[in-house]
Amino acid sequence: MAEIKSHEFDRFAEKGAELYRIFVIYGPDRGLVSERAAWLARKTGVSQDDPFAMLKIDISDLQGDPGKLLDEVNALGLFGGSKLIWLRGAANEKPLLDAMQVLADGPAAANILIVEAGDLKKGSGLRKIAEPAKSIAIIPCYADDIKALNGLIDTELASEGLRISSAARQKLLDLLGGDRAASRNEIRKLALYCRGQGVIEEGHIEEIIGDASSVSSDEAVDAVLSGDLPGLHRAIQKVLSSKTPVFLVLQSCLKQFQMLDLMKAEMEEKKLPVAQVMMTLGRNIHFRRKPIIEKALRSWNSQALSRETERLQAAVLTSRQKQSLEPSIAFHALMAITIQSSR
C-alpha cells in the first residue's frame, strides 16, 4: 500500500508521483481532494487544454457504459505519449470497483488515472481494492488541523507581502477549516482587502470576513439538528440582516456534523454510551447545547451523518465558487438537512 499522509503530499508530488500511474484521492475535505487532484494533474505534464491528451469524466458516465474507464485507461494515445483520465465524484459504484480491481491485478496502466472520491470509510469497496495494490497511490484528505491552517495563512499572506497579528490570526483560525478551497478563498479575499497595509489586524478580519458567532450561528446549527424549520428561518434572517456572510453559518454547521461523525464513530467502535463520548470528545461544547448534541447522537446513524456532511461540503465549495448565489445555496442545504433531522 502506498498511502500518502497529509504532511507527505508536497514532497510526494514533487519527487514520487512519477512512480505511479493510478491515484485515488479521497476524504471529507472536498476542497482539498479537488486541489490535490489538480496539483497531480499538473505534475503529469499532460496538457489540460488538449482533448486528445486529457479526458475528464464523471462517475455517472460509467453507469451506462461500465467498460468506459478500462477502455480509456488502456487506450493508446492518438499522437503517442500518456493520456490523463480524471474521474470525479467517485464512491463505491460497481462499474468503478470492477475496473479498479482489473487495474490493481493487471500490469501497469497505459495511461494515468486520477480518481477523485468522497469520504470513503475504512473497509469500503474502493479502499479495499486500492490499499493493497502496490501500483496505486492512496491520498486521504482530512480537514485541516491548526498547523495546516497556519501554513495556509502564511503561504497566502506571504504572496501579498502581508503579516498578521497574533489576535487577528486566532480570530481568522476560528473562521476557517472544514474545506481547504473555501479556507483558501477566504484568506485570499482578506489578503486582497488588506493589500499594501503591511500588517493584518483583528479589525480587518471583522470588516471583510465577519464573525457568525456575533449573531449566533449556533442558533442556526441547533435548529438544523433539532429539525426546527421555523427556527432555522429566524436564525438565517438574523444573519442576513446583520450583513454576516451566510457561508459562515454553513461552515459552522459543517464543523458540527464533522464532530458528530467523529463522536458517532467513537461510540460504535468502542461500544460507548452517549454520555461517555460527551465527556471526552464533547467536553468543550457549551452546556446549553449538550442536550441537542446528545439527542443528535442518539437519532442520527453514521451513514446519515456522512451523507449530510458531504452535502454540506458540496454546499460550502459551491457557495465559494458562486458567491452571488451564496444565501440561496446555504439556505437550501441547511433546510434539506433540517427536514432530514425532523424525520
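I looked up the surface first: the accessible surface of the protein chain comes to about 16600 Å², and 52% of this belongs to carbon and sulfur atoms. Accessible areas come from the Shrake-Rupley method with a 1.4 Å probe, and for residues only the protein chains shown count as cover.

I noted that this is a predicted model, where local features need pLDDT of at least 70, side-chain atom pairs count only at pLDDT 80 or more, and totals for chains, interfaces and linings use all residues. Residues are numbered from 1 along each chain as its sequence is written, and side-chain values use heavy atoms, with hydrogens and water left out.

Next I checked burial. Of the 343 residues in the protein chain, 50% are buried (under 20% relative accessible area, with exposed over 50% and partly exposed in between; 1.4 Å probe, protein chains only).

I then looked up the overall dimensions. The C-alpha trace spans about 60 × 55 × 35 Å along its principal axes.

For secondary structure I found 16 helices and eight strands. These are DSSP runs, numbered from the N terminus: helices are H or I with at least four residues, strands are E with at least two.

E308 lies in helix α15, which covers residues 302-321. Is E308 buried or exposed? E308 is buried, because its relative accessible area is 0%. Leaving aside neighbours within four places in sequence, I found E308 in contact (heavy atoms within 4.5 Å) with F257, W300, I337 and Q340.
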